[in-house]
Amino acid sequence: MDRRKFMTGCLGLPLLAHAGGAQAQAGLSKIIFPFAAGAGGDTLCRLIAQEMAPVLQRTIVVENRTGGDGLIGIKAVKGASPDGSMVLVTTGPTMYLLPMVETTPSFDTARDFMPVSLLARFEFAVVIGPGIDVPDFKSFVAWLKAHPDKTSFGVPSNGTIPHFTGSRLEKDLGIPLTRVPYRGSAPILNDLVGGHISFGIVTLADALPQHRAKGVKIVAVASAERSPFAPDVPTLRENGIDLVADAWYGMWLPAGSPPEFAGKLGAAASAALAKPEVKEKLTAIGMIPVGSTPEGLTKELAANTAFWQPIVKATGYKIEN
């Protein structure tokens, strides 16, 4: 399996401190971003870096260290000295799905990393093309049942939240579905417009422009509550599907880092995310700023792991490594 098809929207973030519980060092820090510049995660990384630098009294440099679906960046932070010089910021699904699907897990989140803070959430949506003339999700389900030969759906990559959301929908709806993996959301939306697939599961932010232009239709969002970006669209739960399938960014230090520095770092990140100008820039790209304590991040990761593990296991999906 090609790892490049596995996980999207992840990033890594580093900072400096003395080991053994001492105060954080002043000087230069690196933000390790394991994917290419320009995506939403990269923007989040740079915004936080800019706001945290004066608080932490250091220069923070963003470094795009790409490859291995984020594993190069993850491993860099995993193997770093626990002196605060490196912090990992990545999507939650990277941290709980990768260990589930790798035949030999490259890391153990609880063992290899220290939690710092939940940062921002983003959402997924079920999207149909203009050729399917139905008003809502329930009508679309009826359409699928009436057209068993047209149940293909697109996901931005295999092994992702959209992939396993589709697997859960297949089980809950009792309809055999055919998953088609793509390289990102854009080709999925193009194929929906062209009528080549019946629906897609993509990030809400990616689907919104064409939804608003009437090119595609978002029939459900997979978040716990209606999205502030599409308040007119019901959730899957409102449609009788007990499924929450959103995602988020979190921040971790290498295991063994000073807990007091983790608390200081998390407080600085949360303060940055609370600034109106930061909120405005993140909401403009479809993110919901959050911020939390280290305990809040641990709780979020544990809940997501417990929810998705049986779903992933039931699919039998694995990545050879």
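1. Helices (H or I, at least four residues) and strands (E, at least two) are DSSP runs, numbered from the N terminus. Ser227 sits in the loop that runs between strand E9 (217-221) and strand E10 (247-254). The model is predicted: local features need pLDDT of at least 70, side-chain atom pairs count only at pLDDT 80 or more, and totals for chains, interfaces and linings use all residues. Residues are numbered from 1 along each chain as its sequence is written, and side-chain values use heavy atoms, with hydrogens and water left out.

2. Is Ser227 buried or exposed? Ser227 has a relative accessible area of 1%, so it counts as buried (under 20%; exposed is over 50%, partly exposed in between; 1.4 Å probe, protein chains only). Its side chain makes a polar contact of 2.7 Å with the side chain of Glu123. A polar contact is a pair of N or O atoms within 3.5 Å; within protein, one must be able to donate a hydrogen and the other to accept it, and residues adjacent in sequence count only if both atoms are side-chain atoms. Beyond four places in sequence, Ser227 is in contact with Glu123, Leu204 and Val221 (contact: heavy atoms within 4.5 Å).

3. Val180 belongs to strand E7 (residues 178-181) and is partly exposed, at 26% relative accessible area. Gly154 is 26 residues away in sequence, yet the two C-alpha atoms are 4.7 Å apart. Leaving aside neighbours within four places, Val180 is in contact with Ser152, Phe153, Gly154, Val155 and Ile197.

4. A nonpolar core is a set of buried Ala, Val, Leu, Ile, Met, Phe, Trp, Tyr and Cys residues joined through side-chain atoms within 4.5 Å. The largest has 86 residues, with Met52 and Trp308 making the most contacts inside it. Helix H1 (residues 40-56) gives the largest share of this core, eight residues. A second, separate core has 17 residues, among them Val202, Leu204, Ala207 and Val233.
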